[in-house]
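Reader: I have a model on screen and want to learn how to read its features. Where do we begin?

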Amino acid sequence: MGDTLLQERYARVLDRLDAACAAAGRSRQGVKLIAVSKLHPAESLAVVAAAGQIDFGENYVQEALQKRQYLAANPDTARQCAGIRWHMIGHVQSRKAPLVAGAFSLVHTLDSRKLADAMERRLVEGGLRQPVLFEVNVGGESQKSGVMPADLPQLADYVLEHCPHLDVQGLMCLPPVFDAGDAARPHFALLRELRDALRTRLGLPLPELSMGMSGDFEGAVAEGATMVRIGTDIFGPRPAKM
């Protein structure tokens, strides 16, 4: 995709996000756009970064680290990409926890004790802290990752007691309906309710709700999203994973 078209698509997404916040009576500053660049070339990411985008989400650990290396080593992109905040928004296998822990501005997909323990071990070794969100399986789908809603309080209790280097910031979800507009809103509302209950239980602010993508983010904003993850409407259809 040409640079001009990419910039135009990005500008249209910003306009839609502005309109969604206005319609919900919310401040635009209260909703962060995560540009999801998975499977798209680092050069496209650099174009969007040059247009002012700061937060980028990646689904695959190795791909994210390779892009970061490439952008930092390339004189044409190193400066404009230096301020990027990287988000891990894909499922993280516990064996890859050492690569992830301490390496991202925010990990959106903490969903098990095993992953929490593996990340904690790496953080202790490095003397680091890692902001995280719990990924919640709001649709109760057996084929998807994410902690089931009924198991969320116990996982949260465990992380607070045993993983002091994990900084819990809130919740994330992928609703069972995809790009379905308002059909996803009940799932976004459920995530907000789960966050509010967990906030009371833990006595933590839990400010973040990561929910909403290209086809449904207006509904997510209306239900309280503080982060929306938008890929296709910025970068176009994803290439096939090699």
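**Reading the features**

Author: We begin in a loop. Leu206 lies in the loop between helix 7 and strand 7 (208-210). Keep in mind that this is a predicted model.

Reader: What is the phi of Leu206?

Author: First the general idea. Most residues other than glycine have a negative phi. Now the case here. Leu206 is not a glycine, yet its phi is positive, about 40°.

Reader: Is Leu206 buried or exposed?

Author: Leu206 is buried, with a relative accessible area of 0%. The cut-off for buried is under 20%.

Reader: Where does Leu39 sit, and what is its phi?

Author: Leu39 is placed in the loop between strand 1 (32-36) and helix 2. Its phi is near 70°, a positive value in a residue other than glycine.

Reader: Now cysteines. How many disulfides does a search of the whole structure find?

Author: The idea comes first. A disulfide is a covalent bond between the sulfur atoms of two cysteines. In this model, a search of the whole structure finds 0 disulfides. Take Cys21, which is in no disulfide. The nearest cysteine sulfur belongs to Cys173 and is 17 Å away. The cut-off for a disulfide is within 2.5 Å.

Reader: Are Cys21 and Cys81 buried or exposed?

Author: Cys21 is buried, at a relative accessible area of 1%. Cys81 is buried too, at 8%.

Reader: Next, helices. Which residues of helix 6 are buried?

Author: Start with the geometry. An α-helix has 3.6 residues a turn, so residues three or four places apart point the same way. In helix 6 (residues 152-162), the buried residues are Leu152, Leu155, Ala156, Tyr158 and Val159. They cover an arc of only 160° around the axis, so they lie on the same side of helix 6.

Reader: What do the buried residues of helix 6 pack against?

Author: Their partners are strands and helices. The strands are strand 4 (106-110), strand 5 (130-136) and strand 6 (166-173). The helices are helix 5 (113-126) and helix 7 (185-202).

Reader: Last topic. How do helix 2 and helix 3 cross?

Author: Read the distance, the angle and the hand. The axes of helix 2 (residues 42-50) and helix 3 (residues 61-73) come within 10 Å. They cross at roughly 65°. The crossing is right-handed.

Reader: Which residues meet there?

Author: From helix 2, Ala42, Glu43, Leu45 and Ala46. From helix 3, Lys67, Tyr70 and Leu71. By class, this contact has 5 nonpolar, no polar and 2 charged residues.

Conventions
Residues numbered from 1 in each chain as written. Predicted model: local features only at pLDDT ≥ 70, side-chain atom pairs only at ≥ 80, totals over all residues. Heavy atoms only, no water. Buried < 20%, exposed > 50% of the residue type's maximum accessible area, 1.4 Å probe, protein only. Axes fitted to C-alpha atoms, helices over the stretch in contact; angles between N-to-C directions. Helix = DSSP H or I, 4+ residues; strand = E, 2+ residues; numbered from the N terminus. Left-handed = near helix turned anticlockwise from the far one by under 90°. Contact = heavy atoms within 4.5 Å. Nonpolar A, V, L, I, M, F, W, Y, C, P; charged D, E, K, R; others polar. Arc of directions from axis to C-beta.
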